[in-house]
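Open the model in your viewer and keep the selection tool at hand. Each stop gives you something to select and tells you what is there.

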Amino acid sequence: MFGDLQTKLESVFQKLRGQGILTESNISDSLREVRRAFLEADVNFKVAKDFIDKVSQKAIGTEIIKSIKPGQLVVKIIHDELVLLLGETSVPLYQNKNGVTIVMVVGLQGSGKTTFCGKLARNFKKDKKSVVLAGADVYRPAAKDQLKTLGKSLEIPVITDDSTDALKICQNAVEFAQKNYADYVILDTAGRLHIDEKLMQELQTIKSNVNPHEILFVVDSMTGQDAVNSAKEFQEKLDYTGIVLTKLDGDTRGGAALSIRAVTGKPIKFIGVGEKLTDLEPFYPERLASRILGMGDIISLVEKAQENYDETEAKKLEEKLRKQEFTIEDFYQQLQNIKKLGPMSQLMGMLPGVNPGMLKNTKIDDNSFKKIEAIICSMTYAEKQKPKILNGSRRKRISKGSGTTLQDINKFIKQFEQMQLMMKELGKISKKKGLLSSLAKGFPGVPKIPGL
Ligand SMILES: Nc1nc2c(ncn2[C@@H]2O[C@H](COP(=O)(O)OP(=O)(O)O)[C@@H](O)[C@H]2O)c(=O)[nH]1
Ligand SMILES: [Mg+2]
């Protein structure tokens, strides 16, 4: 699903995430590329433009949280805007509390109407609801047979006859459903290859006489902008209540999926992801956005960091660093902050900025963090404040207390001293740029970690 679009966006994001500092010019370069990727995916021109404008306004107005790289923040803004574009929340089917719920299914020929009727009927049945199907595609005898076969396999009654009176068939089906206290009746109507007056009139007649609670417009997502154009025409003529996007399993571009809600103002209610009756999913904007961006992990990382980040604490830390008063105790506090974000092994996998080669040589996993924690916990207050006093016998005591080797202790202290040195240097240059963002570049032997 959306393979082409994903690949293109991924390469834009890769560049963006690598940026330590975002300027208006590299944001707008990246957004230009996102726009190009959208247009190549056949996203409606105006939709793409509006989207980029909104992201750009938000990106420029957003305060940078220092524990997150600015590039990651932009990815998050794009994700959030994408969710809005897709409709923000899922819109479930209307349910008639006082009797049969009538669902009318419309769309062009071959869009997947009859298949969708079968899938929906199966879903209802699975929820222990009783369903009646109406075969009202009166122009192709094979269409009625197709529905009858589906009905048989699902053990659901199919109401139809040999006439060409679609309205009558629908009315009969509704009546049958009411008499039998069914929960749902699904009307499978005729489509054409192209929209024409006669088809629209027939559908309008059914709508005004049967008064369906839901009119679902079924559309083949692989047809891109054609899908969007027909969705708009059907909406103007029939004012349907929701959209069913079919054949998403074969859609590598995603243009229809991204544009259709914005162009029609109607919610997408279901997606078809295969030919089988089980291949139907309710539509969740959030899930589709994550699928398109392929980066659910980063999104949750940014969210976690936003939740856990404490601005005042960070300010205090910056002050200490500037005065070169960063102690092992402070380092320990930072470790605790990082731990709040989740298991280290998981965090590392989430971080797109982490160079995999770097990870190979430095095993930063929960265990090595635990080791460091144990070492620090075995130190006295004075040792944490002034690591210089850590002579041989103190080191031996700590290694015994923490269950680590003397080598581990020496390595840790050496790393800490290196880090202090680096911070001293950074403290000099970072007054202008923001110290923590410079620190995000990491210290020797340890990859970049948010919050550090
Ligand atoms: N891959 C895939 N094929 C689908 C999907 N929905 C329908 N189809 C296929 O599309 C073709 C037309 O479907 P049909 O329901 O007869 O369309 P109708 O003319 O609108 O009733 C059939 O071959 C279906 O198997 C889907 O979600 N994914
Ligand atoms: Mg059909």
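Start with the shell around ligand 1: it divides into 1 nonpolar, 12 polar and 5 charged residues. Here Ala, Val, Leu, Ile, Met, Phe, Trp, Tyr, Cys and Pro count as nonpolar, Asp, Glu, Lys and Arg as charged, and the others, Gly among them, as polar. In total, 18 residues surround ligand 1 (C-beta atom, placed from the backbone, within 6 Å). Select Gly112, Lys113, Thr114, Thr115 and Gly272, the closest ones. Helix α5 (residues 113-126) gives the largest share, 3 residues.

This is a predicted model: local features need pLDDT of at least 70, side-chain atom pairs pLDDT 80 or more, while totals for chains, interfaces and linings use all residues. Residues are numbered from 1 along each chain as its sequence is written, and chains are lettered from A and ligands numbered from 1 in the order written.

Next, the sheet. Strands pair if DSSP finds at least two bridges between them.

Select β5 (residues 214-220) and β6 (residues 242-246). They pair in the parallel sense over 5 bridges. Leu216 has Gly242 in β6 as its bridge partner.

Technical notes
Helix = DSSP H or I, 4+ residues; strand = E, 2+ residues; numbered from the N terminus.
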